[in-house]
Amino acid sequence: MIGAMSDTRHWAACSSCDLASRCYARHNAQTFAHPTAGPQVTERLAALFRMTHLRGRLHITLRDLRSALAYTLTSGRDCAQIHELYDRPGSLQDRLDGFYFTSWAGIHTSGPGEPDRLLAQLRELDIATVPDPQLDRRLDYVGPAGGHSLISVDQRGDHDATLLADRFSELPRTPAATTGAPERHRAYLAAARRRFFFESLDDERWKSMLSYHSGGRFLDLLTGGEPGSTELGRIIEAVNRGEGLPGAALDGERALALQVRSVPGGTVRSYRLFPADRFTLQIGAAPDSPYVETSPRELVVRYEGAGDAGQHRAQLVVRLDLYELLDRLHDGYQPGVEDRQGQNLALTVFKNALSATPYQEVLLTAPGSVPHKITRRGDGALRLAPVDSAPDTGNGGQLMALRKRDSEFRHLGVSYLEFKRVEMDRVLTGFLMRVNHNGQPSRLAQRHKHESDTFVQEFLDEEYADRFQGFREHPDMAGRWIETQLLDMVNRGKPSQAVAGLRPLHGLTYKFRNYYHSRAYGADAQLYEMLRHARDGRGTLALEAIRGFFFTGLDPALGTPLPDNSLDVETQAVLHLNSQVKHDTPQTVKGWYSAPPLCVGQSDLLADDVLRLLSLRELLPRIVMVEYLKILFAFHLALGQLKTMKLLTSMVERSGAESSCGPENCPAGPGQGHDDFPDCPFRVGLFVDVAGAPGTPAAALAERSADVWLRRIPGFVRAGYTVRKLDEFAEHLVSLGEVTKPSRGFFTVTEALRFADKTYQQRREQFFAARMDSLLDDTPIEEQPEVVRPLLGAGMGLSSFEQYIELVMAYRGKYHNDYIIDSIDSLLLKNRPGAVIAQPYRGRRRFVLDSALLEVLVQIALLRPNARGARSRFLHHTASLRLDEFMDILRRRYGLHVNQLPAGDGFASTSFEEQAVLRSNAEAFTTRMREIGFYSDLSDAYLTQVITPRFVIGADGTVTAGGR
C-alpha cells in the first residue's frame, strides 16, 4: 500500500515546484520509493504497525491503515497548505514534524480530541520515549547523523538533515540554559532518534529502540517457523527468576520452579520443580478464515505431566505484552503492583494450573545455606536431606546474554548439526522423513502427543480386530510387546517415561513421532545432505536403496500396503498403523537450503558403505540391518564432523578453500577410484584402544588421541563464528545492493570467506564497528567482565571485526565447546553398542573400537562391487581379506588406527615402548575378531590369518555358508 502511494508517477508534478528540494511530502515519497532505502524503512514502519496490531487494543481496518499511511506522507496537508507552512515564520518545528520519521505517529496532532484512532495507538510506541542514553549522548555530541551511521538516499533532498543540523548548532553548551532551551533540546533529540531508528545502517540496531524491548525478537519468532528449545529455555528461566530461583534443576536437568507459598518475612522458601522436557513451545495457530488474511499473534507454552500425572495439562498463551514481561523477568526485573494486576495475572493462572497436581517432594532454599529437599516416602515418612549441588545460574552472574544476531553460530554450509546430544533412533526417524519428502521435513497433521496407551488401544480396538487377531484376548501381553518392541521411549522405565514415536523399523514410522521428544537436532538433515551430494550418482543410488529397504511393502505410487508381501511381524504392525494416517505433506522451512558438505569425499565414502551394506539386506534379519545402519550413520556423522573441525579451521586461516578440496577437486573417496583418503591433508586419525580396558598403556594412548581432538573444538568454534559473521556481512551488502547474491540463493563457505579480504576491509570495519557499538551500548567497557575488557582496548591492535569475534568467543565459546563435546559423544555412541569413544566415571575420554561397529565395518570391507553386466541379484560379491589388510582398510578408509599411531593427529615418531603397545593392541584386535566370529585360525603366519565371512556371495549371485 505504501508502495502504491509513493509511486513516482503520482509525484512527477512535484519536480517543477519551487519547494521540490525542501518539501517534506516529496521527501517522504522519495524515501519509500527508493529501491534500497525504501524496503528498509518500510520494514521498520511495518514492524511498528504490526506491534500495534499484536497489542490487541484496536481492530485495525483497511480504512485505518490507509488513513495513517496517507498522513505519514503528507501530515494531512495539501500543496497549498504546505506552501503556506513554508512561508510562515517560525515554522521550523512544524516542518520537521512533517517528515515521515515523525509524522507516522501524528505527533503534532496529539491531544484529547485525537481524530485518528490508529495514530493514537501508534503514538504509544513512539521510539523517542524509550530511554537510550548511549544514543542520546552520541546524537548530542556527534550530531544528528550519529557518526556516519545512517544510510544514504540519493536523489532525495536533505532538508531534514539541514533542519536537524540547525537545531544541533543551537544546543546550549553551558550549564545555564536559556528560556525554552530544554524543550528545543528534547524536540531535537526526539526527531534525531526517530530518524536514526528508520535510517540506521545497522539492520538489527533499530529493534533495540522499540518501546517493547523484546518486540523485535517476538516478531522474529512469529515469522521464523517453530521456535527452538533456546526460546523455551528463556521463558522457563524467566519464570524461575520471577520465582526467585534462577537456574533451577531437577536431577541435573533444567526445570521450572514454582514457589509453593509466598510468606512475607519468611526465612525459607519452598519450591516445586517441573522437568523442562515436559514443556513445549509453539506458535499459536492464526484464526482460519477463507475471507480474511490472518497471521500468528501469540506463542503457546504447554505442559503435559508424566507418569501418574500424565493427564495433567496446563497452557500459557504468550502475547506481546506478556512476552515483554517475561523478557524483563529474565533480565532480573521484579513485577510491581500494576504488573501483578495486569499481564502477570495470566502468568499466575498458568502457575496455578501447574500446581494443581499432588506432589511428593519440595525444594527448600534459605540465604547462606545449601538447598535441602523434603521427600515423602512410601510409608508416609518425610525425609529431609541436603541437595547434592545448588542450582546453577548458567553464567555465574558475570557475562551478559548476547542478542540472538550476535550469538548465532550455525552456518548450513559448515554443518546442519545443532550440536546437541542426539539419539540415533530419532535421527533415523527424521532421516526417513526427509527421504520420503526429498530432503524436506514433514508437517505434522496430528499435533497432540502420542501416548503408549494410544498405540496399545489401536491394537485392541474391535474395529481392527481382523488386523490384530487375538490382541483383545491378551491385552497385557500385547501391551508389553508394543511398548518394548515397537515404541521408542525417552526415560524408559522411569516415572518421566514418554513416547518419542515408533522405533524406525519402517520408513513410515516418522508419522507417529512426538515432535518434542523426537528431535534430531539437524543430524537427520546432515545425513541426508551428505548422501544427496555424493558424486557419480552414488548418493542417488544410496537414497534409492534406503527407500527400497525401509519403505518395503508399499505401493510406490499410492503409498498403500501391498497384499501377499512377506514381511516381518513388526513391519506388518507399522503398515497397519500407517493406513490410519491420512495426511502427510512436506514442510518448507524458512532459511533452509541444500548445501554440499565441506568434504565431499566423506559423502562418497558414506554412500559407498550404504550401498555395500544394503547388498546384504536379503541375507540379514531386518532388525539386525536397521541396527547396522544406525551404527554406520552415527559413525559417518561423527567422522564428517571431526574432519570439518580440521578443514574449516584451515579454510579460515587461508581465507579460502584448499586447492584440492571441493566437489570438483577432491581426489579422494570411492567416487574417484579410491577406497580411502591417501593424499587428503585433512584425513581423520584416531588411535583406538581395542581391548577396551581403562588404565592400560593402550588406553593411555587412546586418551591422548581423544584429547588432541577435544582441543581442536575452540578453534573450530572461532572459525565457525568467523564464517557465520562474514556471511551476515555479505547479506548486509546484498541488502544495500553493493554485491549480488549467487543465483543459488546463498553464499558457500568459500564465498563467505572472500569478504574477509582487503577489498571489503573498509565496509567490513564499518559493519562490525556498528555491531560493537550496539554491544557496548548495552554494556559499556567499564561494566564488562575483566576477562573481556583487554580485548576491547586499542592497545591490542585488533580490527573491529577481530574484536567482535573475540568478544563473541568470550561470551559463547565455552557454551559451544561443551555442546559440541556432547554432540560428538552421542555420535560416537559413547559407552554404548557401536561406540568409538568411552569414558569411565570421572575418567578421561578415550577412543575405542566396539564389537558392534567392528562387525559392521568388517562386513562392508569384505564386499566388492560386481563388474558391469554381471548377472547377479546382488550389487556386490565377497572377497577374501587378511587381518593385516583389514587393519590397513580401517586406517586408510576410516582413520581408525590399531597397529600404528596417527601421524599429524597428536603423534610424531613412535618410541620403542609405544611399538610394544601397538603390538599388544593388534593382538587384542585379533582376539576381538575371534569373539565376533569372523576369524578362527590360531596361526601366527599372517598369510593364513584370513577373515571368514558369514556367507559367501559369488560374482554370479550364488550364496553359500561362510568358511574356507
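User: Which residues does His897 touch, not counting residues up to four places away in sequence?

Analyst: This is a predicted model. His897 sits in strand E19, residues 896-897. Setting aside residues up to four places away in sequence, the partners of His897 are Gly685, Leu686, Phe687, Val688, Arg891 and Pro902.

User: Is His897 buried or exposed?

Analyst: The cut-off for burial is under 20% relative accessible area. His897 has 9% relative accessibility, so His897 counts as buried.

User: How many helices and strands are in the chain, and what percentage of its residues count as buried?

Analyst: The chain holds 34 helices and 21 strands. It has 964 residues. The share of them that counts as buried is 51%.

User: What share of the contacts with a separation of 6 or more comes from residues 24 or more positions apart?

Analyst: The count takes in contacts in the chain with a separation of 6 or more. Within that set, residues 24 or more positions apart supply 69%.

User: What percentage of the accessible surface belongs to carbon and sulfur atoms?

Analyst: The accessible surface of the chain is about 44,600 Å². Carbon and sulfur atoms contribute 51%.

User: At what angle do helix H2 and helix H4 pack?

Analyst: H2 covers residues 24-33 and H4 covers residues 62-74. Their axes lie 7 Å apart. The packing angle is about 115°.

User: Which residues make that contact, and how do they divide into nonpolar, polar and charged?

Analyst: H2 brings Tyr24, Ala25, Asn28, Ala29 and Phe32. H4 brings Thr72, Leu73 and Thr74. By class, the residues of the contact of H2 with H4 are five nonpolar, three polar and no charged.

User: Where do the buried residues of helix H5 lie around its axis?

Analyst: H5 spans residues 79-87, and its buried residues are Ile82, Leu85 and Tyr86. Viewed down the axis of H5, they fall within an arc of 95°, so they line one face of the helix.

User: Which exposed residues are on the face of H5 turned away from its buried side, and what covers the buried residues?

Analyst: Ala80 and Asp87 are the exposed residues on the face of H5 turned away from its buried side. The cover over the buried residues of H5 includes H2, helix H6 (92-98) and helix H10 (159-169).

User: How far does helix H22 reach from its first C-alpha to its last?

Analyst: H22 runs over residues 538-550, which makes 13 residues. At 1.5 Å a residue, 18 Å is expected. The reach of H22 is close to that, at 18 Å.

User: Which helices do the buried residues of H22 pack against?

Analyst: The buried residues of H22 are Gly539, Ala542, Leu543, Ala545, Ile546, Phe549 and Phe550. Seen down the axis of H22, they stay within an arc of 160°, so they line one face of the helix. They pack against H18 (424-436), H21 (523-532), H24 (600-614) and H25 (622-654).

User: What is phi of Tyr521, and where is Tyr521 placed?

Analyst: Tyr521 is not a glycine, yet its phi is positive, at about 50°. Its place is the loop between strand E12 (498-502) and H21.

User: Is Leu829 buried or exposed?

Analyst: Leu829 is in the loop between helix H31 (800-827) and strand E15 (837-838). Its phi is near 55°, a positive value in a residue other than glycine. Leu829 has 8% relative accessibility, under the 20% cut-off, so Leu829 counts as buried.

User: How far apart in space are Glu802 and Leu792?

Analyst: Glu802 lies in helix H31, and at 38% relative accessibility Glu802 counts as partly exposed. Glu802 and Leu792 are ten residues apart in sequence. C-alpha to C-alpha, they are 10.0 Å apart.

User: What separates the C-alpha atoms of Ala120 and Ala105?

Analyst: Ala120 is in helix H8, residues 117-123. Its relative accessible area is 25%, so Ala120 is partly exposed. Ala120 and Ala105 are 15 residues apart along the chain, and their C-alpha atoms are separated by 7.3 Å.

User: What separates the C-alpha atoms of Asp251 and Val387?

Analyst: Asp251 is in the loop between strand E1 (249-250) and strand E2 (253-259). Its relative accessible area is 73%, so Asp251 is exposed. Asp251 and Val387 are 136 residues apart along the chain, and the separation of their C-alpha atoms is 9.9 Å.

Notes: Residues numbered from 1 in each chain as written. Predicted model: local features only at pLDDT ≥ 70, side-chain atom pairs only at ≥ 80, totals over all residues. Heavy atoms only, no water. Axes fitted to C-alpha atoms, helices over the stretch in contact; angles between N-to-C directions. Helix = DSSP H or I, 4+ residues; strand = E, 2+ residues; numbered from the N terminus. Contact = heavy atoms within 4.5 Å. Nonpolar A, V, L, I, M, F, W, Y, C, P; charged D, E, K, R; others polar. Buried < 20%, exposed > 50% of the residue type's maximum accessible area, 1.4 Å probe, protein only. Areas by Shrake-Rupley, 256 points an atom, 1.4 Å probe, with all protein chains shown as cover. Expected span 1.5 Å × (residues − 1). Arc of directions from axis to C-beta.
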